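The report below describes how they are paired and where the pairs sit.

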Amino acid sequence: MEGRVNLPMHLSEPLRTVRARALTAVLAALTVLLAAVGPILAAEPIDGRDAGAAPRQIRPAAPKVPAGRPAQPPPAATPKPTPEPALGFDVSWPQCNDEDPEHIGFAIVGVDGGRVYKPNPCLSGQLEWAGEGGDLYINTANPGPRHSQFWPSGTDAPRPCDTQEQPGAQTESCAYVYGWNAAADSYGRALEAYAGLGWVEDDADRLPEEITWWLDVETANSWMRDPKLNVASLQGAVDYLESTGADDIGFYSTPLLWWRITAGTDEFADYAAWHAGGHSQEEAAERCDHDAFTGGSLRLVQWIEDGIDRNLRCP
């Protein structure tokens, strides 16, 4: 029953009554004391009819989380490099009297006048149009001792050619030296033009290493019937350019011309190829999927449109 406390049955009634009253008084005092202290962990719901101030509610403390490394901000997004323009032009002596095309994308300038040891009379002007970042291409050949006034007979360096110790003018060693010397002549001409434009010091003996050099390999130049001798001449040209610090060298030709001149050698599989012979940009894009005649990477495909040599950089 509410408000009644049961006591042991052996106590007498008066005594039980006195003790019951005393116990009731004690319980009442405790109730008042607890009400004064108030709740600690949580408050009872507030009755909306109470006009008094609502008791402050105390929220349980948040659970402790083991200390860890401070959160790192997300890494800044690395900006994507701007892709190189895919369309460009190449010019040389045939364009001397033409208006240079609007310079978009990239440019390649021919150092020679269509033959080894022959200058391009418009080299400086075309270089200025292309800018310092333009590629260069040079002619190559291997005419043999009977058809060249520049054949290196009697030379000891960089390899012996028709010397007392190693007689014979029509050898791989002689063809190598011919290619080396022809590349050196073209290089010197380009260096002189760069100096004239103020791109290098007047007494500089080296061009910037980042220049890309292309070796033009066509039957329009003179070659010997033995492909091994022709390959030796090309190797001499490559080695000369590399001796100057050039680290990006490739070959310009077509698969058919390359086969006729070198018998399809794969000696230059580490070098890029620039394919000629396209008829449109669409065809050039299709040819980018073909194998390179060097056996290396196919970097550029050329086609002629409106009398202008155009080039597509392969992806």
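What follows is a short account of the disulfides, their geometry and their surroundings.

The model is predicted: local features need pLDDT of at least 70, side-chain atom pairs count only at pLDDT 80 or more, and totals for chains, interfaces and linings use all residues. Residues are numbered from 1 along each chain as its sequence is written, and side-chain values use heavy atoms, with hydrogens and water left out.

How many disulfides does a search of the whole structure find? There are three, where a disulfide is a pair of cysteine sulfur atoms within 2.5 Å.

| Pair | S to S distance |
|---|---|
| C96 and C122 | 1.9 Å |
| C161 and C174 | 2.0 Å |
| C288 and C314 | 2.1 Å |

Locations below refer to helices (H or I, at least four residues) and strands (E, at least two), which are DSSP runs numbered from the N terminus. Accessibility is given as buried (under 20% relative accessible area), exposed (over 50%) or partly exposed (in between), with a 1.4 Å probe and protein chains only.

**C96 and C122.** The link of C96 and C122 is right-handed, with 140° about the S-S bond. C122, at 18%, counts as buried.

**C161 and C174.** A right-handed link is also found for C161 and C174, with 105° about the S-S bond. The two cysteines are 13 residues apart and link distant parts of the chain, with C161 in the loop between β3 (135-139) and α3 (172-196) and C174 in helix α3. C161 is buried because its relative accessibility is 0%. C174 also counts as buried, at 0% relative accessibility.

**C288 and C314.** Is the disulfide of C288 and C314 left-handed or right-handed? The torsion about its S-S bond is about -80°, so the disulfide is left-handed. C288 lies in the loop between α6 (281-287) and β7 (298-305), while C314 lies in the segment after β8 (308-313), so the pair ties together parts that are 26 residues apart in sequence. Both C288 and C314 are buried.
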